[in-house]
Amino acid sequence: MKVWDRSCAATFAVAMIGVVLPTAVVAQQLNVVCSVQAEWCTAAANEFQRESGIKVALVLKGSGESMAQIAAEKANPKLDVWFGGTGDPHLQAAEQDLTLPYKSPMLDQLRPWAKKQAEQSGYRTVGLYLGVLGIGYNTELLAKKNLPVPACWRDLGKPQYAGDVQMANPNASGTAYTAIATLVQLFGEEEAFKLLKDMHKNISSYARQGVGPIKATARGENIVAVAFIHDVITEAQAGFPVKSVAPCEGTGYEIGSISIVKGSRNVDAAKKFVDWALTPAAQKLGQDSKQFQLPSNIGTPVSPLSPKPSEIKLIDYNFAKYGASAERKRLLERWDRDVAGAAR
């Protein structure tokens, strides 16, 4: 039998280093669920990957569906970052300990409403952009049917718009949940749900994502959509015959946010992504992708097409109350029972 001496062992170890080391060097990867429009999601993923060398695996889902996935995977998270989408579910994720506290060094460059979002969540989320909720309508179809412009929330429940209104499903869409919370704050809960039931009689279908209704309106599938005003502007810039209205009674707004998923396997890369997403250069990708929210970094150029909150009658949206899990659950259960389950 051949003796295995120290010199042989040393030679073997040196030889094996060449075999083992290459398989130990694994490229970083970041798993991102994105709740803004696809063009912005893709641009952000590609640019961050180009700048950092970190590979980005991207999935597109509405805010409600993103929240549901993160909650379902709590014991074994598959996602690292939740990019964009309405702030209420981001706050609910923070409350449920589904996201990781992180104070980005970019905080000092952000607008007050973005900082407040971070403080309120215990730094588990932070404001990325602000979007104003409103009504979008197809100008050609409106003229063809000789209908008046829907200028107020109450107009959406009028019989003249029967079958011609779309809104997303609030169980899946943060946009639609923001709409319910807005109506409750404007009119009181009983009046709000009476209006939602009247609207239900007019709604042709409930989309899975918040941008679904205005995309359908833009393409002539219906006349009116409940939508964020910036999404209406995006469709108009693409050449579709749509315009937006800030409802006469007043309206709510979103603070689109970004969060790191608790239990992320790529925390360092996730923090780098958050820091990058809060820079002016990264936020300008939204505008470059024809997305017209108000960016959170004070150094980010603001498009002249973006809604001007100072010129719109905004409610004092209660994020603490409507960003709470119990309130969201209660309102959605009532909507399922009293609205979605009602006869048309």
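The structure is a predicted model, in which local features need pLDDT of at least 70, side-chain atom pairs count only at pLDDT 80 or more, and totals for chains, interfaces and linings use all residues. Residues are numbered from 1 along each chain as its sequence is written, and side-chain values use heavy atoms, with hydrogens and water left out.

Helix α7 itself takes in residues 174-187 (helices are DSSP runs of H or I with at least four residues, strands are E runs of at least two, and both are numbered from the N terminus). From first C-alpha to last, its 14 residues reach 20 Å, close to the expected 20 Å (the expected span being 1.5 Å times one less than the number of residues). At the start of α7, a side-chain oxygen of S173 comes to within 3.1 Å of the backbone nitrogen of T175.

The buried set includes G174, T175 and A176 at one end, along with L183, V184 and F187.

D97 has a phi of about 60° and sits in the loop between α4 (87-95) and α5 (112-120); D97 counts as partly exposed because its relative accessibility is 28%. N146, with a positive phi of about 55°, is in the loop between α6 (139-144) and β5 (165-168). At 69% relative accessibility, N146 counts as exposed.

How values were computed
Buried < 20%, exposed > 50% of the residue type's maximum accessible area, 1.4 Å probe, protein only. Polar contact = N/O pair within 3.5 Å; in protein donor to acceptor, adjacent residues only side chain to side chain.
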